[in-house]
Amino acid sequence: METLKDVLQHLIFPWLFMSISSRRIPYTIRTLISEGRWQTLFCLDGFCDALFGNFWAVVGPQVKSSAEVRVIPLLEGRVRNAKVSDHVVGKPVSGRILEIGAGTGMWADVFLRIDTTGQHAGTENANGPTTRRRVATRGISKIYGVEPHAQSVKALRQRTKELGMEDMYEAIPVGIEQLDDPRATGSATTIEPGSIDCIVSILCLCSIPDQEKNIKALYKLLKPGGRWYVYEHVKVKRGGILLGWYQRYINFFWAFFLGSCRLCHDTTTHLKEAGPWSSVDLAQPPDEPAYKMLPHILGVLTK
């Protein structure tokens, strides 16, 4: 039974999150001036993106740490009805994987730590020359990290190199709408329709432009029987109309402090309506209260 204090903490949490971002504004201004990035400094969208980058450098690792308790079981096939199981209840990630919103590689090491054999890799060391062989034996043949921002792509490539993943993880430096265009990717690598075994999206669909259109584009890349592993924050649906209005009010300010992230995307509907699915196991974790302002969905959709 949660107390009034617990309820208030959930209701004010987004404001606390934005306050952390606000404290990075002076640093962001100084950095842009010192780097001579005047156009970014005086462009609202550009400044918001730069602010979010500095904010995420501080907060991102904490978000990852708290999310791993769901993300790792999800990728290991140990989630059903948004509940984590001690046993494998579905198919783990395998084959050719498309990671959406790869960023600077914050989640790259998770692919080395998951276990697709049912033995639960857990906190196994993800460093060293054996990582590529270990991942290959667990059924992952290739990972493509989709990241359109050039600065993040540079960091992503460095991160995967440090992890010993450079031979099996490839950064794709374009947006979703250009994945099948070799002129845009700048290489021979293109992602053809029906060529991907698994898509992984972790807390990133909130930030992609034209979400409905791009989710449909990603759906086309999956093979028949391909799986989409999802852990995303979404619009409020449990708490009634007042909480929905409150979330939209928060989103008005959120858009400045959190870059392209948006609170009120109907991601669940867009995923379910992307195309015909043979099965959909996607829900809000039951332990999240109705008044949570950043509710999540967790699960797998199978084409």
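Mentor: Let us begin with a definition: the expected span of a helix is 1.5 Å times one less than its number of residues. Please keep in mind that this is a predicted model.

Trainee: How do you know that the span of helix H7 agrees with its number of residues?

Mentor: Helix H7 covers residues 150-162, which is 13 residues, and at 1.5 Å a residue they should span 18 Å. The C-alpha atoms at its ends are 19 Å apart, which agrees with that expectation.

Trainee: Which residues of H7 are buried, and what puts them on the same side of the helix?

Mentor: A residue is called buried when its relative accessible area is under 20%. In H7 this applies to Ser152, Val153, Leu156 and Thr160. They cover an arc of only 100° around the axis, which puts them on the same side of H7. In general, an α-helix has 3.6 residues a turn, so residues three or four places apart point the same way.

Trainee: What lies against the buried residues of H7, and which residues are exposed on the other side?

Mentor: The buried residues pack against strand E4 (140-146) and strand E5 (169-172). On the other side of H7, the exposed residues are Ala150, Gln151, Lys154, Lys161 and Glu162. Just after the helix, Gly164 takes a positive phi of about 75°.

Trainee: What makes the buried residues of helix H9 line one face?

Mentor: In H9 (residues 211-221), the buried residues are Gln211, Asn214, Ile215, Leu218, Tyr219 and Leu221. Seen down the axis of H9, they fall within an arc of 150°, so they line one face of the helix. Among the elements that cover them are strand E3 (95-100), strand E6 (196-202), strand E7 and helix H11 (267-272). The face turned away from the buried side carries the exposed residues Lys213 and Lys220.

Trainee: Why are H2 and H4 called roughly perpendicular to each other?

Mentor: The axes of helix H2 (residues 25-34) and helix H4 (residues 44-75) cross at roughly 115° and come within 9 Å. Angles of 65 to 115 degrees count as roughly perpendicular, and H2 and H4 are therefore given that description. The contact is made by Ile25, Tyr27, Thr28, Ile29 and Leu32 of H2 and by Phe47, Ala50, Leu51 and Asn54 of H4. H2 passes H4 in a right-handed crossing.

Trainee: Tyr249 is found in helix H10. Why is Tyr249 called partly exposed?

Mentor: Its relative accessible area is 46%, whereas buried requires under 20% and exposed over 50%. Tyr249 therefore counts as partly exposed. Tyr249 and Leu263 are 14 residues apart in sequence, and their C-alpha atoms are 10.0 Å apart in space.

Trainee: Is His233 buried or exposed, and where does His233 lie?

Mentor: His233 lies in strand E7 (residues 222-233). At 8% relative accessibility, His233 counts as buried. Leaving aside neighbours within four places in sequence, His233 is in contact with residues including Leu203, Cys206, Cys261 and His296.

Trainee: What makes Thr302 count as buried?

Mentor: Thr302, found in strand E9 (residues 296-302), has a relative accessibility of 16% and so counts as buried. Beyond its neighbours within four places in sequence, Thr302 is in contact with Gly225, Gly226, Arg227, Trp277, Ser278 and Ser279.

Definitions and conventions:
Residues numbered from 1 in each chain as written. Predicted model: local features only at pLDDT ≥ 70, side-chain atom pairs only at ≥ 80, totals over all residues. Heavy atoms only, no water. Helix = DSSP H or I, 4+ residues; strand = E, 2+ residues; numbered from the N terminus. Buried < 20%, exposed > 50% of the residue type's maximum accessible area, 1.4 Å probe, protein only. Arc of directions from axis to C-beta. Contact = heavy atoms within 4.5 Å. Axes fitted to C-alpha atoms, helices over the stretch in contact; angles between N-to-C directions. Parallel < 35°, antiparallel > 145°, perpendicular 65-115°, else oblique. Left-handed = near helix turned anticlockwise from the far one by under 90°.
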